[in-house]
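Dear colleague,

My notes on its architecture follow directly after it.

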Amino acid sequence: MPTQKTYGVERRTFLKYMASLAAVPLLDRQVEGRVTRQPKFTAYPFSLGVASGEPSHDGFVIWTRLAPKPYEGGGMPPEFVEVQWQIAHDEAMTQPVASGAAIATPQLAHAVHVELRGLEPDRWYFYQFKSGNEVSPVGRTRTTPRTDVETERLRFAFASCQHFEYGLFTAYEHMAQEDLDLVVHLGDYIYEYAGNGKRVRMHHGPEIKTLDQYRTRYAQYRLDAHLAETHRRFPWVVTWDDHEFDNNYANLVSEEQGIAPEELLYRRVNAYQAYYEAMPLRKASLPQGPHMQLYRKVRYGDLADFLVLDTRQYRTDQPNNDGNKDLTGDVLSPEATMLGDRQESWLMSHLIRSQATWNVLAQQVMMARVDRGQQEGERAFSMDQWPGYDVSRRRILQFLADRSVPNPVVLTGDIHNNWVNDLLLDFDNPDSRVVGTEFVGTSISSGGNGSATVPYYQKVLPKNPFVKWFNAERGYVTCTLTSDEWRSDYQVVPYIDKPGAPLEMRASFVVEAGRPGAKPA
């Protein structure tokens, strides 16, 4: 009789793992017990700043975390602490709109997530926290337009891959000065690796595995002034990739050989909880042990639906032992999945019902089927990206075509390069129908100082005529949307190993509504 499996793991092993998690406290509980309402802090408690996210037409999430000693577990006693908050129309906080109090709990590292509702649509607000005699910086955020009112414009930036050690977050220094409605982060917000003293900056500690280690790593990143300022000035929509947990993981499978699933998932409990604690997410994303639903929809009036995806937690293992391989073997398995059945059904359901002008898939890994083979006749495709899950990739592109989904645009991170790709219904036919556009953003800092070209890619680009542009510098992408046009401006910084790099616009591409495919602006 074949061995029963659950999530691809032998049932006996899975049950052992579930038993090991029985002692992990549930996070979604009402606070009971004594609350400290006038705490006295050993240092400034709002060292990690403030943030906002998940905007809707009548509200958003505002976030902070009490951490007077961020490198010492936060430096807070194991007590419930009251944190007051206020929303105002002005930065001086003299025109209050709403106020209240939240409880910062030790179970969540004294992080606070306040979900606001009942506010006016399509306007900016300011917010601030107070605990004891200390006040936080004043944050700025906004609500989205209503969906039944014509939206004139949306301007947002998207970014990913910010390895702290490889360089400065100069790109965020420039992003914070932009006129944006939103920031979208596509993953690799932190990196899990041990500190390396030979780089521009150095991680604290070893490769992170415990909850305290993950919390400290997020604190180290959030202490960066440029990242903190960009959080303070704009609402964010976030999703993760792999480095928020462990490089190239796939659901319950580590990239390292010999890691037991229960060991990996216990580490995932820590990683997912720390991610929630650090991000301005709604309570709906509160993790349940090693599971955390991050896929969701964020609407921006009638102009754009952001369908935020999770391409890590539900995928099957990378086929053909990962790497760059031909499309054979497990790549062609109908059971291989990038999103999992439930998330893929959710995605299709929302796409088919969408009434937005632009349908945006905010996700992690490249969807275009880039052939990386360098030798004549050689075919090689990334098994970690969508080409490694070819049946699933084809199914989604076919769905976009068959259902005439309006103006699909895929936003991608992960690869530390800039790309502009037409998404073809059949990549084996260069003249195939274009069903969507993919804008791939480079890294904020991962990989160190970039360059305009890379010899490896210069060899393979001629094999991929659907690639409209490539660049390997550091930076981010600014997108401006109207009902008629999508414009993506590729912004780069020429170096990140020292401060002061200027911002340079390297290229601009547009997509006309109703006509998929990118053209130079």
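In this predicted model, R487 has V510 of strand β26 opposite it. The two strands concerned, β25 (residues 485-493) and β26 (residues 504-512), run antiparallel and are joined by eight bridges. On to the next strand, β26 also pairs in the antiparallel sense with β27 (residues 515-520), here over three bridges, and F509 stands opposite P520. A hairpin is formed by β26 and β27, with two residues between them. G514, in that turn, has a positive phi of about 90°.

These strands belong to an open sheet of ten, in the order β8-β5-β4-β14-β13-β12-β24-β25-β26-β27, with mixed pairing. From one strand to the next, the twist averages 25°. The parallel sense is represented by β13 (residues 182-185) and β14, which pair over three bridges; there, V183 has W236 of β14 as its bridge partner.

Turning to the helices, α5 lies across β5 (59-65), β8 and β14, and runs at about 60° to β8. Helix α5 covers residues 261-278, and its 18 residues should span 26 Å at 1.5 Å a residue; the end C-alpha atoms are 25 Å apart, which agrees with that expectation. Because 15 of the 18 residues of α5 are buried, the helix is largely enclosed by the rest of the structure.

Ten of the twelve residues of α3 are buried, so that the helix is mostly covered. Among the buried residues are L211, Y214, Y218 and Y221, together with the arginines R215, R217 and R222. The buried residues of α3 pack against β4 (50-56), β5, α4 (225-233) and α5.

The largest nonpolar core has 40 residues, of which Y172, M175, Y218, Y275, L281 and M292 touch the most other members. At least two residues of this core come from each of β12 (154-159), α2 (170-175), α3 (211-222), β14 (235-238) and α5. With seven residues, α5 supplies the largest share. As for L281, its contacts beyond four places in sequence are E54, V61, H113, V238, Y275, Y276, M292, L294 and R296. There is also a second, separate core of 39 residues, which includes L339, M366, A401 and L423.

Q364 lies in the loop between β18 (358-362) and β19 (381-382). Is Q364 buried or exposed? Its relative accessible area is 0%, under the 20% cut-off, and Q364 is therefore buried. A polar atom of the Q364 side chain lies 2.9 Å from the backbone oxygen of L309. Not counting residues up to four places away in sequence, Q364 touches L186, T239, W240, D241, L309, D310, T311, T412, G413 and D414.

Yours sincerely

Definitions and conventions. Residues are numbered from 1 along each chain as its sequence is written. This is a predicted model: local features need pLDDT of at least 70, side-chain atom pairs count only at pLDDT 80 or more; totals for chains, interfaces and linings use all residues. Side-chain values use heavy atoms; hydrogens and water are left out. Helices (H or I, at least four residues) and strands (E, at least two) are DSSP runs, numbered from the N terminus. The expected span of a helix is 1.5 Å times one less than its number of residues. Buried means under 20% relative accessible area, exposed over 50%, partly exposed in between (1.4 Å probe, protein chains only). Two strands pair if DSSP finds at least two bridges between them. A polar contact is a pair of N or O atoms within 3.5 Å; within protein, one must be able to donate a hydrogen and the other to accept it, and residues adjacent in sequence count only if both atoms are side-chain atoms. Contact means heavy atoms within 4.5 Å. A nonpolar core is a set of buried Ala, Val, Leu, Ile, Met, Phe, Trp, Tyr and Cys residues joined through side-chain atoms within 4.5 Å. Axes are lines fitted to C-alpha atoms, for helices over the stretch in contact, and angles run from 0 to 180 degrees between N-to-C directions.
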